[in-house]
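Q: I have a model open and want to go through its fold with you. Can we start with the sheet?

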Amino acid sequence: MKTSKIGVERALKAADRDFLALGIAIAAVILFVGTGGTIMPQIVRSWMGVGSAPDMLLTNALLLNVALLIFGWRRYNDLHREVLERRRAEKRARELAERDPLTGCLNRRSGPPAIDALVRGARERQQEVAVVMIDIDNFKQINDLNGHRTGDHVLTTIANRIDAELPTDSVLIRIGGDEFACAFAFHHHARDRADSIAEAIIKKVSAPVEDTETHIETTISVGLTRTDPSSDVTASADRMIHCADIAMYHAKKRGRNRHYWFESQMEDELRYRSEMEAGIREGMKNDEFVPYYEQQIDLDSGDLVGFEMLARWHSEKFGMVSPEIFIPVAEDIDVIGQLSENLIRKALKDASEWDASLSLSVNISPLQLRDPWFAQKLLHILVESGFPPSRLEIEITESCLHENIGAVRSIVTSLKNQGIRISLDDFGTGYSSLSQLRSLPFDRLKIDRSFVTEIAAEEVSGELVRAIVSLGKGLSLPVTAEGIENGHVLEKLSGLGKIKGQGYLYGRPEDAAATRKRLAALNLLAKHVKPKTSERVTPVEPEVDQRKAS
């Protein structure tokens with residue numbers, strides 16, 4: 001870029017100082033004056049028939065002089081056009097280097113220097129500068145649904161709306177894609193001015209964008225940071241954009257369509273999140289994720305009837321990490337499918353050693369149900385392990401039914417056709433309808449722990465749990481209650497019908513070795529082919545009630 005700019009400048013200088021063309025023009029003018037004054041009267045008199053023929057040498061010189069004048073004039077016009085075209089090209093190249101061609105905003109290359117200049121000027125005037133990062137929420141969906149032409153129209157409209165709300169002498173940058181950054185100065189005694197501008201931008205952008213017959217609804221997430229007037233060291237524009245970007249992603253996590261100021265702990269959280277992402281990928285390579293098993297008990301007979309697999313991460317760096325922490329991160333970085341498949345493969349191998357009467361329940365992430373090949377992958381793992389499909393129960397959350405009911409129905413039907421049982425997990429927390437429960441071939445309802453633990457309170461009668469159990473009976477769907485953590489809860493659940501329960505009252509989740517030891521004591525390992533023991537699983541009150549991390 002630098003070399004081409006130097007080349008253009010040299011060409012312009014050469015064009016401006018074309019001494020050849022200048023010399024030809026001057027010589028032609030002098031020659032025309034010298035010869036024209038002598039020969040032209042002779043030519044005129046000759047044409048009028050009153051004089052002798054003009055001197056041929058001078059006549060040829062005059063004709064040559066006219067040709068030189070024409071050549072010089074054309075050369076001048078060509079050079080003038082070339083200079084103008086090169087200047088226009090240089091101006092366009094400079095605009096392309098500094099401006100975003102779609103919105104006309106400064107681009108990522110020229111924006112930070114403009115912010116640095118704004119900060120220097122503001123410090124001289126004893127002002128502060130706010131840097132704002134703006135990201136359009138769900139812009140990819142707008143592009144996918146309406147096309148890139150509409151997406152470009154949305155971008156230009158939003159850029160104009162942002163620019164209209166900024167003070168004079170502000171800087172507006174298109175960072176790239178659907179991200180914008182802007183900076184403006186304000187007096188330190190009017191710091192709420194920055195909040196007012198951010199709120200005005202959010203309100204302005206939220207107005208529908210008109211595109212032919214389409215109304216596009218848009219929202220933005222906004223992050224802000226500002227210069228520190230008490231510090232002698234001025235943060236660079238890149239650093240301020242980075243801080244505002246962190247605050248903007250914090251706004252996204254808090255629900256979008258809002259703004260947040262940058263705080264130092266946000267950067268710590270982001271760094272921890274980055275380390276967690278790297279740790280998950282490394283942990284998968286090192287086989288640090290293992291299945292744990294929580295007992296499932298028939299409340300009527302007290303018999304052990306199966307286990308639910310729970311994920312645990314034994315990290316060398318972070319120690320024992322709860323799935324409530326690492327599963328959302330694994331979903332965000334799109335490794336939840338591979339992680340879950342590895343855990344299921346291990347769990348099926350462990351469960352192959354259990355008595356044939358014991359079932360295995362496995363939770364499935366909503367993201368896995370978006371994979372059209374999920375059913376085939378699961379069946380392949382079953383074939384590899386040799387585990388009977390009839391002993392496997394897949395648990396899907398109620399929220400999955402609202403994302404893509406058609407895809408869920410296809411996957412559920414494929415699994416059901418192979419003999420796998422399907423359980424609707426966390427029932428009562430979503431918005432599933434009776435028609436969905438009847439149309440989808442579920443085998444079991446699982447009452448969310450929040451409803452089960454509430455019935456321990458004196459003021460709660462447990463009518464909601466009783467209603468869910470009655471609904472299950474009406475739909476011929478057995479019920480599992482999770483979160484049984486004390487005898488009072490067990491007492492209230494007893495007598496409601498044939499319910500399967502699980503919780504810390506029956507012991508904490510255990511790894512494969514501890515689970516195998518427990519089953520060996522109950523003669524419930526596959527190698528002990530004996531009649532089912534009548535020994536009941538004795539509930540043990542935990543010292544400290546804790547919620548199951550699953």
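Predicted model: local features only at pLDDT ≥ 70, side-chain atom pairs only at ≥ 80, totals over all residues.

A: It is an open sheet of five strands in the order β2-β3-β1-β6-β7, with mixed pairing. Strands here are DSSP E runs of at least two residues, helices are H or I runs of at least four, and both are numbered from the N terminus. Two strands pair if DSSP finds at least two bridges between them.

Q: Which strands are at the edges?
A: β2 (171-176) and β7 (259-261), each of which pairs on one side only.

Q: And how much are neighbouring strands turned against each other?
A: By 20° on average, with direction ignored. Axes are lines fitted to C-alpha atoms, for helices over the stretch in contact, and angles run from 0 to 180 degrees between N-to-C directions.

Q: What about α7, how far does it reach?
A: α7 spans residues 192-205, 14 residues in total, and covers 20 Å from its first C-alpha to its last, close to the 20 Å expected at 1.5 Å a residue. The expected span is 1.5 Å times one less than the number of residues.

Q: Which of its residues are buried?
A: A194, I197, A198, I201, I202 and V205 of α7. Buried means under 20% relative accessible area, exposed over 50%, and partly exposed in between, using a 1.4 Å probe and protein chains only. Down the axis of α7 the buried residues fall within an arc of 135°, so they line one face of the helix. That arc is taken from the directions from the helix axis to the C-beta atoms. On the other side of α7, D192 and K203 are exposed.

Q: What covers the buried residues of α7?
A: The cover includes β1, α6 (148-165), β3 (179-187), β6 and β7. Contact means heavy atoms within 4.5 Å.

Q: New topic. How do the axes of α4 and α8 cross?
A: At roughly 105°, coming within 8 Å, for α4 at residues 111-124 and α8 at residues 237-253. That makes α4 roughly perpendicular to α8; the class covers 65 to 115 degrees, with under 35 roughly parallel, over 145 roughly antiparallel and the rest oblique. P112, I115 and D116 of α4 make the contact with A237, D238 and I241 of α8.

Q: Where is D287?
A: In the loop between α9 (264-285) and β8 (289-298). Most residues other than glycine have a negative phi.

Q: And L339, buried or exposed?
A: L339 counts as buried, at 3% relative accessibility. L339 sits in helix α11 (residues 336-351). Leaving out residues up to four places away in sequence, L339 touches M284, F289, F326 and A330.

Q: Last one: how many helices and strands are there in the protein?
A: 18 helices and 16 strands. Of its 550 residues, 43% count as buried.

How values were computed
Residues numbered from 1 in each chain as written. Heavy atoms only, no water.
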